[in-house]
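Open the model in your viewer and keep the selection tool at hand. The stops below say what to select and what is there.

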Amino acid sequence: MDTIQTDFRLGNDPKELQQAILDNLYYVQGKSTRLATKNDWYMAVAYTVRDRMMKHWINSLHKLSSKEIKIVGYLSAEFLVGPHLDNAMLNLGMQENMSKAMVNLGLDPQEVIHQEEEPGLGNGGLGRLAACFVDSLSTLNIPAIGYGIRYEFGIFDQQIRDGEQVEITDKWIRYGNPWEIIRPELHYIVKFGGHTESFTDHQGHYSVKWIPDYEIKGVAYDTAIPGYKNNAVNLLRLWKSEAVESFNFKEFNEGNYSGAVDQKTFAETISKVLYPNDELDAGKRLRLSQQYFFVSCSLRNAITIQLERGLSIRDLPNGFSLQLNDTHPSIAIAEMMRLLVDEHHITWSDAWEITQKIFGYTNHTLLPEALEKWSLPLFSSLLPRHLEIIYEINKRFLDDIKSKYPGNEQLISRISIIDEAGEKYIRMANLATIGSHTVNGVSRLHSELLKQSVLADFYALHPEKFVNVTNGVTPRRWVKLYNPALATLLTSRIGDGWVANYETEITKLESCIEDVEFRKTWKEIKKQNKKELADLIHLRTNIVIDPDSLYDVQVKRIHEYKRQHLNLLHIIALYNRIKKDPSKKIVSRSFIFGGKAAPGYFLAKLIIRLINAVAKLVNEDPDVAGRIKVVFFPDFNVKNSEWLYRAADLSEQISTAGKEASGTGNMKFSMNGALTIGTLDGANVEILQEVGEENFFLFGLDAAQVSSLQSGGYQPGHFYQNNQELKWAIDMIDAGHFSNGDRHLFKPIVDSLLNSDPYLVLADFSSYIDCQEKVSALYADQDQWTRKSILNVARMGRFSSDRSIRDYCKKVWGIKL
Ligand code: 26Q
């Protein structure tokens, strides 16, 4: 083992840290204190922290070569990790000393921390879940590698101009990324396109060779993900695409200068940009290329690690568990078969056994339009060998079913990997389900609905494959880092065990509830958090909100099924009540929205415009002054969420029942003491059960009522005609009240609500606004509110991602802790 001189290079007291920061500034950034920019200082601080992680990082690399361990490979097209610096300092236990060191250097620690650009390598819930999971895997000391794509441009930055979303390219690495280490020697060549040729090998076996059209190199970029104060580090290994040969001398010599680098440009497009759609982006060749690219690199890397450990490839399922984060990496099933059969010469049936033993598949959606499928011509032009393999998987699977259930042609056409109804498609959820040993949904309700709807046939065939693993979020980032004042209070009362053992420790808080002093401090902390958010909102939007008002917050991607417009209809109804009776006493509220719309999702973008239009009218109306304010907080992302969750009084979780697979924002709010107004959807159901009905504002139809209303021929007009306040609110939008008389602008929203209302906004309206009255009534009793807020926090133990990971270990990966 290498010996490192730790005293001067890695000292941990403030003086030594201070010197280390100066050294890094000088020797890594190449700047003197006189020349250093804010970014230079941030980089020097980041390298100082990274240096102190390096020993654990290298140890963990050594650990990967141990024969005894099983490694979790978490395959995900997205990892929304958020800023690293403060998180790393927390997990290494160096926040306090680093703070002192920075102050000694005349730096403002918060300013340095906020200098970091967040790697926005995900769209929302699914990508953030992957990040929470890697955090928990490290904290639980389970060896793991998160495999994904190092997008050069992550999710766009959102600006609001004239009330509209404008997308700005996310240039997150423009000033360098101190957290990653490039491993140029760790690369794989990935083939694309072309055709296949069959031949008989020297042992007389039928074999297939794939002759590609072109090849692209994937290079590993590693980032360390440290566990909480346990010296464990896991790897986030992201692949960047490069040209195999970045410069073509032949072209150059012939005078074609741009042609000489064409290859490079083309190859680099694969990992260039994250698709900003959190549903489907149907039929995009580049998207399928991205998926195959990172999957191929990742699987081959897993095999390399397996062989380097001196283990047999046949033992792969004992050496690795590979988890598919939705269908995005599900081409892995076919790629694993290709690697085993074509490249490692294992028989088909042995290879299939290995493949099924190694993969688990997590489903994140029931929306039929969001289920991934690829048109056959596109698929075969990009991955001709995989198409053959999928045909063979499908044939064997269907033959087996036909022999068990003869004559059931409809069943066969539903479960086939190939959709042959019209134009032919590959159904990725079917491939993932057939190729995995375990399939899970992400909340109890979602897992049940999966078995009843999209995967019902597979459930009937193999009920033992289906399990639930309810999502969770890491209390390190979502409480300790992003609500420091609350964290300090928690620790002062129940000790600091909750940070690493949230599930069992946080319940201890219940015993504090009768303590007047404690409740007082609790309220003060919320108030202070609200003041800080008010300041930030003022700075960013110029809107003034009152920290004494109820903060009613809905932050998440903008989607019709998430029903931001239901929230808006409530605001308009409240506004009308005040206009009708300007002396009306109401509980003052600040409605805060945040979230990005997919650039091509017309109605979602229009909803943003409507929020901003309502905000403008309401905020400028002297009649309602001091009672309601509406804010659209621009560019909701991990970094900005710091101020939002901790300041919320009320968490809006109002999706149509049966549509939100789990939700994870719902957990973040509750952990920070917000009460929830929500439907029986996703993990809300479990949050309600944990916190108790009396501490949760439940409204709306449940999933069964939603589906029966829809199958019975739902008539939104009926609700519109029979609810005066609802009719009035919609009529105002329709009349151009929020668009300077322009009746055209918001017509698509009005039409959608009145003609089809696919997400039952109108059906749930009256239940929602009645429930909101109860919210206001409770808020008027501040002490009761505070008690419920405390209970919400105390009862959130189950929603730590540590618990989720323990569930995966037990139910999916067969890892004993
Ligand atoms: C697929 C193909 C082509 C282009 C884009 C996509 C794509 C990208 C992202 C499809 C879906 C996503 C993201 C989905 C997502 O975030 N789902 C959320 O996952 C959370 C974690 O399980 C749940 O809590 C949410 O309920 C679910 O909506």
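Select Asp400 and Lys404: the two form a salt bridge, with their closest N and O atoms 3.2 Å apart. A salt bridge here is a side-chain nitrogen of Lys or Arg within 4 Å of a carboxyl oxygen of Asp or Glu. Asp400 and Lys404 are 4 residues apart in helix H15 (residues 384–404), so about one helical turn separates them. Helices (H or I, at least four residues) and strands (E, at least two) are DSSP runs, numbered from the N terminus. Asp400 is partly exposed, at 34% relative accessibility; buried means under 20% relative accessible area, exposed over 50%, and partly exposed in between (1.4 Å probe, protein chains only).

This is a predicted model, in which local features need pLDDT of at least 70 and side-chain atom pairs count only at pLDDT 80 or more, while totals for chains, interfaces and linings use all residues. Residues are numbered from 1 along each chain as its sequence is written, and side-chain values use heavy atoms, with hydrogens and water left out.

Next, select Asp764 and Arg563, whose side chains meet in a salt bridge of 2.8 Å, N to O. Asp764 belongs to helix H34 (residues 761–780) and Arg563 to the loop between strand E17 (550–555) and helix H25 (564–580), so this pair ties together parts that are 201 residues apart in sequence. Are these two residues buried or exposed? Both Asp764 and Arg563 are buried.

Move to helix H36 (residues 801–813), where Asp807 and Arg803 lie 4 residues apart, about one turn of the helix. Their side chains also meet in a salt bridge, at 2.9 Å from N to O. Asp807 is buried with a relative accessible area of 12%, and Arg803 is buried with 4%.

Now select the ligand. Which residues come nearest to the ligand? Of the 22 residues around the ligand, they are Glu279, His364, Asn471, Glu660 and Gly663; a residue is near a molecule if one of its heavy atoms lies within 4 Å of it. Helix H7 (residues 125–139) gives the largest share of this shell, 3 residues. By class, the shell has 6 nonpolar, 9 polar and 7 charged residues. Ala, Val, Leu, Ile, Met, Phe, Trp, Tyr, Cys and Pro count as nonpolar, Asp, Glu, Lys and Arg as charged, and the others, Gly among them, as polar.

Show distances from the ligand to the protein. A ligand oxygen is 3.3 Å from an N or O atom in the side chain of Tyr561. For Ser662, a polar backbone atom is 3.0 Å from an oxygen of the ligand, and for Gly663 the corresponding distance, again to a polar backbone atom, is 2.7 Å. The protein covers 93% of the 620 Å² of accessible area that the ligand has on its own (Shrake-Rupley method, 1.4 Å probe).

For the last stop, switch to a cartoon view. Strand E3 (residues 157–161) and strand E4 (residues 164–168) pair in the antiparallel sense over 5 bridges; strands pair if DSSP finds at least two bridges between them. Gln158 stands opposite Glu167 in E4. The hairpin of E3 and E4 has 2 residues between the strands, and Asp162 takes a positive phi near 50° there.

Conventions. A polar contact is a pair of N or O atoms within 3.5 Å; within protein, one must be able to donate a hydrogen and the other to accept it, and residues adjacent in sequence count only if both atoms are side-chain atoms.
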